[in-house]
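Biologist: I am new to reading protein structures. Could you take me through one, feature by feature?

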Amino acid sequence: MFAKPFAILVILGSLFGGFMMAGGELIALWHPAELVVILGLGLGTFLGATPVYVWKRTMVYTGRFFSGGRIKQRLYLETLDLLDDLSRLARSEGLLALENHIAEPDSSSIFAKYPTVLKHRDLRRFIIDNFNYLLLNPPQSLNFEEFLHDQIDDLIESMSEVPRATGKLTALMPGYGIIAAVMGVILTMNLLGGDMDVAKIGTSIGAALVGTLTGIFFAFAVFAPFTHSIEIMIRQDRALFEMTASFFVAFAHGVSPSMAMEVARQRVPPEFALPRND
């Protein structure tokens with residue numbers, strides 16, 4: 001949780017600290033008009049190039065970025081425990097016993113024990129939809145495993161629109177910085193002629209150069225690491241869904257809940273590995 005704020009402090013400390021060590025004054029870097037131009041162009045481009053659902057997902061990932069991410073070992077553990085409870089109920093009382101639980105998960109006594117899973121809306125829907133699929137008693141000719149992986153691919157493709165968009169912004173921000181710099185140069189040209197104020201011209205040129213600096217800074221110190229962080233989150237989401245899918249495949253083939261749990265547990269990525277006694 002503290003890693004991201006610490007990283008931000010290191011980045012800002014390096015930028016401003018190095019500038020001050022070289023004898024610069026921080027006020028020389030403060031040009032709100034250029035921030036409006038650069039960030040406004042970036043935001044407008046993002047909004048114009050992406051549909052509304054990408055905006056919403058970006059806000060979700062921004063929250064996850066600062067909170068340290070949503071995927072933790074506890075979520076893997078709760079997911080396995082939820083799948084185990086549901087599969088044991090189905091094994092002892094039949095699949096129809098799951099109907100009320102998957103129809104209204106918010107009021108289910110089983111789902112209520114696993115609030116972390118309930119908060120992960122994509123995962124909750126994935127679990128509910130596929131237990132519902134099994135409730136419909138699909139014919140053996142339908143390839144359930146392929147069906148599960150097609151769902152995962154669709155989910156990941158939708159999630160990946162966010163890093164694609166922010167990655168494009170990374171490439172565009174230096175250009176927006178140049179736009180702000182050119183605007184600054186145009187303003188500087190207006191100061192030439194007559195009784196020129198050399199100090200004022202120097203300040204204006206410096207302000208123009210800050211535009212270029214700002215665009216490059218946001219590209220490589222803000223949007224690039226944010227995009228990479230989202231890509232890691234999506235990889236973790238894929239691992240979570242694939243673990244769940246492996247449980248479903250084992251369960252659909254009639255193996256015991258304990259064996260299905262073991263199959264799924266072995267799909268947990270190394271960074272979230274669960275001890276067997278859990």
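Biologist: Which residues does T244 touch, not counting residues up to four places away in sequence?

Modeller: Let me first say what we are looking at. This is a predicted model, where local features need pLDDT of at least 70 and side-chain atom pairs count only at pLDDT 80 or more, while totals for chains, interfaces and linings use all residues. Residues are numbered from 1 along each chain as its sequence is written, and side-chain values use heavy atoms, with hydrogens and water left out.

Modeller: Now your question. Contact means heavy atoms within 4.5 Å. Leaving aside residues up to four places away in sequence, T244 touches T79, L83, L123, F126 and I127.

Biologist: Where does T244 lie, and is T244 buried or exposed?

Modeller: Helices are DSSP runs (H or I, at least four residues), as are strands (E, at least two), and they are numbered from the N terminus. T244 lies in helix α10, which covers residues 198–252. For burial, the cut-offs are under 20% relative accessible area for buried, over 50% for exposed, and partly exposed in between (1.4 Å probe, protein chains only). T244 has a relative accessible area of 0%, so T244 is buried.

Biologist: S229 is in helix α10 too. Is S229 buried or exposed, and which residues does S229 touch?

Modeller: S229 is buried, because its relative accessible area is 10%. Beyond residues up to four places away in sequence, S229 touches K4 and F65.

Biologist: What about I156: where is I156 found, and why does I156 count as buried?

Modeller: I156 is found in helix α8, residues 144–159. I156 counts as buried because its relative accessibility is 8%. Its contacts, again without residues up to four places away in sequence, are I234 and R238.

Biologist: How do I read a salt bridge, and how many salt bridges does the structure hold?

Modeller: A salt bridge is a side-chain nitrogen of Lys or Arg within 4 Å of a carboxyl oxygen of Asp or Glu. The structure holds 13 salt bridges. One of them joins the side chains of D122 and R57, at 3.5 Å from N to O. This pair links distant parts of the chain, with D122 in helix α7 (residues 121–135) and R57 in helix α3, 65 residues apart. D122 counts as buried because its relative accessibility is 15%.

Biologist: Which residue's side chain meets that of R164 in a salt bridge?

Modeller: The partner of R164 is E157, at 2.9 Å from N to O. R164 has 35% relative accessibility, so R164 counts as partly exposed. E157 is partly exposed as well, because its relative accessible area is 41%.

Biologist: And what is the N to O distance in the salt bridge of R267 and E242?

Modeller: That distance is 3.2 Å. The pair links distant parts of the chain: R267 is in the segment after α11 (257–265), and E242 is in helix α10, 25 residues apart. R267 counts as partly exposed because its relative accessibility is 38%, and E242 counts as buried because its relative accessibility is 18%. Salt bridges that share partners join D153, R238, E242 and R267 into one network.

Biologist: Now the surface. Which residues make the nonpolar surface patch?

Modeller: Patches are made of residues with over 30% relative accessible area and no salt bridge; like charges are joined within 9 Å, and nonpolar side chains (Val, Leu, Ile, Met, Phe, Trp, Tyr) within 5 Å. Accessible areas come from the Shrake-Rupley method with a 1.4 Å probe, and for residues only the protein chains shown count as cover. Here I8, I11, L12, F16, M20, L26 and F66 make a nonpolar patch of about 540 Å². Helix α1 (residues 3–21) gives the most to this patch, with 5 residues. F66 lies in helix α3, residues 52–67, and F66 is partly exposed because its relative accessible area is 44%.

Biologist: Which residues form the negative surface patch?

Modeller: For charges, Lys and Arg count as positive and Asp and Glu as negative, while His and the chain ends are not counted. The place of a charge is taken as NZ of Lys, CZ of Arg, CG of Asp or CD of Glu. The negative patch is formed by E145, E146, D150 and D154. D150 is found in helix α8, and D150 is partly exposed because its relative accessible area is 38%.
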